[in-house]
Amino acid sequence: MRLPAVLLPPIVLLFLAAALSMATTPARHVVHERAQQTTELARELVLERIDAIERNGRCRQEFGKEMIDLDHVRMIVRRIRFYNAEGPEGDLRFSEVVGRPASPDSRLRDLSRGLSADAFVLGYPDNRGYIRTRNVVLSRGYFEQGDPSEGTWRLRSREEKQALLLHEALHIALDKDDDDLSQRELCPLRLLAFCPRTPAIVVAGSE
Ligand SMILES: [Zn+2]
């Protein structure tokens, strides 16, 4: 999804299929190490947000009304792999990440640059319909937001990142696209308006 001033334009889902050979990337261990770091950081962020939602009674109710089971969302988050399209793991190709052939078999970096999404779920069509994988690509817009009129960039806040990550996680956990989410008023960001961020507790002397 994209997170500019106004929230939630339509999701960009990828339609990739057919066959092409797998490509190898140089220094694969570096690529996979970095992907692991990206995944751990993103999981930590979104799990922190889910915990905050659960602690907030009104917010928890809103999610409950929408039949969103936070434990289920947590379980899904722990299975999602996150990729920084602009990092070394941006070299990975669709087929390497998803484990099935694709044509064209683009690198994550190129996919991300071809879309207007700050983050997106990798998916593909098959005869059962559209399949969402548990792989989320983080584009440059996840990390920083550009101001075209000024030509400047500012870093995304922790809260913005959490909202983006939760949005992508809900696509996977509920298996819904943006149209469905909007129709059912499941927009997680609207729900999040009820969920002020709990301030972090800093314990002096802790490591
Ligand atoms: Zn979306």
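Predicted model: local features only at pLDDT ≥ 70, side-chain atom pairs only at ≥ 80, totals over all residues.
Q: Do β2 and β3 run parallel or antiparallel?
A: β2 (residues 119-126) is joined to β3 by seven bridges, and the two strands form a hairpin with two residues between them. Asp-126 stands opposite Gly-129 in β3, and Gly-123 stands opposite Arg-132 in β3. The direction of β2 and β3 is antiparallel.

Q: Which strands stand at the edges of the sheet?
A: Three strands form an open sheet with mixed pairing, in the order β1-β3-β2. Each edge strand has a single partner strand, so one side of each is left without a neighbour in the sheet, and these strands are β1 and β2.

Q: Which residues of α1 are buried?
A: Helix α1 (residues 28-55) has 28 residues and reaches 41 Å from its first C-alpha to its last, close to the 40 Å expected at 1.5 Å a residue, where the expected span is 1.5 Å times one less than the number of residues. A residue counts as buried if 20 or more other C-beta atoms, placed from the backbone, lie within 10 Å of its own. The buried residues of α1 pack against α2 (57-65), α3 (70-77), β1 (81-84) and α7 (158-174), with contact meaning C-beta atoms, placed from the backbone, within 7 Å. They are Ala-35, Thr-38, Ala-42, Val-46, Arg-49 and Ile-53.

Q: At what angle do α1 and α7 pack?
A: Axes are lines fitted to C-alpha atoms, for helices over the stretch in contact, and angles run from 0 to 180 degrees between N-to-C directions. The axes of α1 and α7 lie 9 Å apart, and the angle between them is about 90°.

Q: Which residues of α7 make the contact with α1?
A: On the α1 side the contact is made by Ala-42, Leu-45, Val-46, Glu-48 and Arg-49. On the α7 side the residues are Arg-158, Lys-161, Gln-162, Leu-165, Leu-166 and Ala-169.

How values were computed: Residues numbered from 1 in each chain as written. Helix = DSSP H or I, 4+ residues; strand = E, 2+ residues; numbered from the N terminus. Buried ≥ 20, exposed ≤ 12 C-beta atoms within 10 Å, placed from the backbone. Contact = placed C-beta atoms within 7 Å. Pairing = 2+ DSSP bridges.
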